Amino acid sequence: MKIFKKIAFILFMVAPLSLSSAVAFAEEAASTPVSNSAEIISHIEKALVEISKSDFSAAQVQLKAARSASDKIAGNSDDAKKAHAILIQGQILAKKGDVAKSTEELNKAIELYKAL
């Protein structure tokens with residue numbers, strides 16, 4: 001009976017540790033560059049819609065969210081750095097109110113993020 005209690009106690013103590021490591025692994029898998037790229041593209045596309053409506057303040061909110069997500073993967077490769085730089089340039093042009101040039105730059109950024 002003592003052995004059964006010891007085994008039950010050990011399983012009771014070990015089970016939460018194994019579950020927490022599985023959760024940590026799942027969080028790492030969820031924040032891969034692929035999911036970040038999809039998030040960035042989504043924000044840029046929403047910003048493009050707002051820019052086409054000439055609602056630059058709403059576009060800036062989306063572009064700031066895209067930049068913060070882009071910061072997470074900007075240091076990984078030259079292509080990611082280039083896409084991040086184009087995203088910044090598109091944000092600057094949108095802030096100035098230049099619809100055509102900002103749309104062009106942001107579309108370039110989307111293509112680069114899709115290639116990542």
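In the predicted model, helix 4 meets helix 5 through Ala80, Lys82, Ala83, His84, Ile86, Leu87, Gln89, Gly90, Leu93 and Ala94 on the one side and Lys101, Ser102, Glu105, Leu106, Lys108, Ala109, Leu112 and Tyr113 on the other, contact being defined as heavy atoms within 4.5 Å. Helices (H or I, at least four residues) and strands (E, at least two) are DSSP runs numbered from the N terminus. The axes of helix 4 (residues 78-96) and helix 5 come within 8 Å and cross at roughly 160 degrees; axes are lines fitted to C-alpha atoms, for helices over the stretch in contact, with angles from 0 to 180 degrees between N-to-C directions. Helix 4 and helix 5 are therefore roughly antiparallel, a term applied to angles over 145 degrees. The crossing of helix 4 past helix 5 is left-handed, that is, the near helix is turned anticlockwise from the far one by less than a right angle.

Leu87, a residue of helix 4, counts as buried because its relative accessibility is 0%; buried denotes under 20% relative accessible area (1.4 Å probe, protein chains only). Leaving aside neighbours within four places in sequence, Leu87 is in contact with Ile44, Leu63, Ala66, Arg67, Ser70, Leu106, Ala109 and Tyr113. Leu87 and Arg67 are 20 residues apart in sequence, with a C-alpha to C-alpha separation of 7.2 Å.

Helix 3 (residues 56-71) has 16 residues and reaches 22 Å from its first C-alpha to its last, close to the expected 22 Å, where the expected span is 1.5 Å times one less than the number of residues. Its buried residues are Ala59, Gln60, Gln62, Leu63, Ala66, Ala69 and Ser70.

The protein chain as a whole contains five helices and zero strands, in the order α-α-α-α-α from the N terminus. Of its 116 residues, 30% are buried. Among contacts with a separation of 6 or more, 62% involve residues 24 or more positions apart.

The chain averages a pLDDT of 80, and 74% of the residues score at least 70; pLDDT is the predictor's confidence in each residue, from 0 to 100. Confidence is lowest in helix 1 (residues 2-30), at a mean of 62, and highest in helix 5 (residues 99-115), at 90. Where pLDDT is low, the predicted coordinates should not be read in detail.

Residues are numbered from 1 along each chain as its sequence is written, and side-chain values use heavy atoms, with hydrogens and water left out. As the model is predicted, local features need pLDDT of at least 70 and side-chain atom pairs count only at pLDDT 80 or more, whereas totals for chains, interfaces and linings use all residues.

How values were computed
Buried means under 20% relative accessible area, exposed over 50%, partly exposed in between (1.4 Å probe, protein chains only). Angles under 35 degrees count as roughly parallel, over 145 as roughly antiparallel, 65 to 115 as roughly perpendicular and the rest as oblique.
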